[in-house]
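My notes are below, in the order I looked things up.

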Amino acid sequence: MTEVPPDMSITIEPTVRVETRRQPLPPRDRLDRVFHIDDLAAIYGTKPAIKGVTMDVYKNLVTAIIGPSGCGKSTYIRCLNRMNDLIPGFTQTGTIRYHGQDITSSDVDPVAVRRHIGMVFQRPNPFPKSIYDNVAWGAKVLGMKQNMDERVEKALTQAALWDEVKDRLKSSALALSGGQQQRLCIARAIAVEPDVVLMDEPASALDPIATQAIEQLMHELKSEYTFVIVTHNMQQAARVADMTAFFSISKGGEGQRWGELVEYDATEKIFTAPSDKRTEDYVTGRFG
Amino acid sequence: MASHGITRADMAAVNLPRRRVVNRLMEGFTALAAVIGVALLVIIVWSVAKRGAHALNFDLLTKTPVPFAIGPVKQGLANAFAGSLVLVGLATLMTVPVGILIAVYLVEYARPSVRSGVSLVLDVLNGIPAIVVAIFVYGLFVVGHGQSGWAGAFALACLMLPLMTRSTMEVLLLVPNSLREASLGLGVPRWRTILSIVLPQTIGGITTGAVLAIARVAGETAPLLFTSSLVGTHVSWTPTHALQSIPVAIYELSESPDPADHARAWAAATVLLIFILLTSLAGRWIATRSRRRISTSR
């Protein structure tokens with residue numbers, strides 16, 4: 001065992017290193033806004049989940065949402081395609097403008113919203129159907145019936161799964177491994193040609209190799225889609241995201257806790273020169 | 001000087017031998033209760049089968065009753081078997097779609113408060129005595145119109161509906177929410193999600209519910225006494241007039257002074273028991289199979 005010299009001071013280095021091969025981001029005013037979220041609050045019954053979230057999501061970028069458990073990351077991303085409508089007692093205030101249109105208003109059909117804003121969930125949830133039907137079913141139901149074989153092949157190729165399953169398209173999707181199932185879910189989501197793909201911790205149930213495959217495909221597909229990804233894995237955000245939003249938990253009177261947006265900036269800035277102390281504590285591993 | 005571990009004094013204090021005896025007694029009583037339950041079924045089946053076996057033959061199923069027959073006349077209860085088929089079949093056709101629709105509403109659409117309220121109502125409906133249902137249907141359909149197979153089938157359907165709905169609800173609740181979200185997340189409408197994703201998962205469970213409900217009402221006598229019991233001796237398949245049924249035939253034959261009629265009643269009871277046992281087993285078999293399917297798709 002080597003002794004640590006007593007004079008050597010211990011410095012806390014950032015635990016997350018940002019990869020440098022990414023393209024520098026153009027100035028924000030030259031980016032297209034997909035979402036313009038203004039003062040969003042989400043409440044379950046009487047319990048607030050998030051409050052006062054204001055941010056823009058830009059086209060053809062990967063936007064990561066990071067933060068400690070219970071900070072409302074999942075609630076937030078599920079607001080973006082009205083997935084929370086399904087939860088009894090859920091209410092929200094504020095506006096979410098999607099290409100200028102407020103999708104939170106009650107006369108907007110949530111089915112139409114989800115048609116354009118697809119979602120990949122934390123745990124792989126393929127339909128108990130064949131691999132082919134998993135990808136084709138949504139498109140078929142939504143009336144995209146032409147050239148189905150090409151559509152399925154394209155989606156599976158984009159999801160980096162085609163080579164592994166092309167010889168057994170008719171076999172059950174439930175026989176695939178977890179990582180393959182999750183890529184199948186991504187293929188299913190992009191087969192209906194959405195504009196935005198929301199990903200709620202898509203790799204949290206997967207091993208590192210499957211995680212890498214999914215990060216790689218996000219990187220390749222962002223020229224066609226806009227991704228918003230929730231992750232509790234900071235390294236993952238640093239690897240895949242162009243923009244990163246850090247959410248934290250705020251505490252109020254009577255033991256109330258809710259999530260709020262602390263800082264939202266280019267990923268590089270968030271991880272190397274955060275402007276808020278809480279962000280710095282979180283990304284350097286001092287908290288959370 | 002706190003002592004650690006179990007000391008000899010501790011052991012003496014808790015009186016372990018007495019605990020062991022009490023435990024054994026408890027186990028013995030509960031096991032005895034289970035034996036009583038099984039024994040009841042065995043005794044009933046055995047005593048019915050023993051008395052019915054010698055009258056159980058092909059004529060019972062194919063021949064009709066001969067009124068005022070003296071001596072060994074070949075006769076059977078074909079009219080009752082045909083009538084029971086029609087009555088239970090019609091009741092099933094009335095119950096299954098309505099039961100599924102109620103269950104889909106409660107599980108997929110209704111607010112939790114509405115769901116628990118309606119579930120309670122269904123449980124109360126399930127507890128209503130069959131004879132009360134019979135009187136209700138008698139007042140509703142039979143008074144002024146006369147008895148009919150329709151009225152009898154409707155009375156049976158009233159008894160089947162809560163069973164059907166509750167069992168369908170249970171399998172719908174087994175379908176993981178992540179499957180619904182997967183479909184809704186694609187922008188598929190809710191009704192389409194229910195029809196194409198949720199319900200196909202539950203077909204096995206729904207079939208089980210229907211089969212068990214059929215087994216439950218196939219032997220019901222009371223609802224048919226007031227609604228479909230004034231019958232002739234010929235085989236009839238038309239529900240516009242009263243139809244004979246196995247339970248009512250058993251009841252009527254048991255009142256007869258002729259020992260041959262009693263034998264036929266026992267034989268009919270045997271057939272009914274076999275039918276109920278077989279349908280219950282089939283229901284259980286389908287249930288285990290489909291439950292395995294749902295759990296692997298989670």
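These entries go from the chain contact to the domains, then to helix packing and one loop.

**Ground rules.** I'm working from a predicted model, where local features need pLDDT of at least 70, side-chain atom pairs count only at pLDDT 80 or more, and totals for chains, interfaces and linings use all residues. Residues are numbered from 1 along each chain as its sequence is written, with chains lettered from A and ligands numbered from 1 in the order in which they are written.

**Entry 1: chain A against chain B.** How many residues does each chain put into the contact? I found 17 from chain B and 19 from chain A, taking two residues as in contact if their C-beta atoms, placed from the backbone, lie within 7 Å. On the chain B side, α8 (177–184) and α9 (190–217) are the elements that give two or more residues. Helices here are DSSP runs of H or I, at least four residues, numbered from the N terminus. The largest share of that side, five residues, is from α8(B). By class I get eight nonpolar, six polar and three charged residues on the chain B side. For the classes, Ala, Val, Leu, Ile, Met, Phe, Trp, Tyr, Cys and Pro count as nonpolar, Asp, Glu, Lys and Arg as charged, and the others, Gly among them, as polar.

**Entry 2: the domains of chain B.** I see chain B split into domain 1 (8–55) and domain 2 (60–296), with bounds that come from an automatic or database domain assignment. Their C-alpha centres are 34 Å apart. Seven residues of domain 1 of chain B touch eight of domain 2 of chain B. The domain 1 side has four nonpolar, two polar and one charged residues.

**Entry 3: α5(B) on α7(B).** Helix α5 (112–127) packs on helix α7 (149–174) in chain B at about 140°, axes 8 Å apart. Axes are lines fitted to C-alpha atoms, for helices over the stretch in contact, and angles run from 0 to 180 degrees between N-to-C directions. I therefore call α5(B) and α7(B) oblique to each other; under 35 degrees would be roughly parallel, over 145 roughly antiparallel, 65 to 115 roughly perpendicular, and the rest is oblique. L122(B), D123(B), L125(B) and N126(B) of α5(B) meet P162(B), L163(B), T165(B) and R166(B) of α7(B). That contact is four nonpolar, two polar and two charged.

**Entry 4: α4(B) on α9(B).** Helix α4 (78–109) of chain B meets α9(B) at about 135°, with the axes 10 Å apart. These two are therefore oblique as well. From α4(B) I listed contact residues including V88(B), A91(B), V96(B) and E108(B), and from α9(B) ones including I194(B), I206(B) and V217(B). The tally is eleven nonpolar, two polar and one charged.

Entry 5: Which residues of α3(A) (131–141) are buried? I noted I131(A), N134(A), V135(A), A136(A), W137(A), G138(A) and A139(A). Buried is 20 or more other C-beta atoms within 10 Å of a residue's own, exposed is 12 or fewer, and partly exposed is in between, with C-beta atoms placed from the backbone. Their cover includes α4 (148–158), α5 (162–165) and α6 (178–191) of chain A. Just after α3(A), G143(A) has a positive phi of about 90°. K145(A) sits in the loop between α3 and α4 of chain A. Is K145(A) buried or exposed? It has 11 other C-beta atoms within 10 Å, so K145(A) is exposed.
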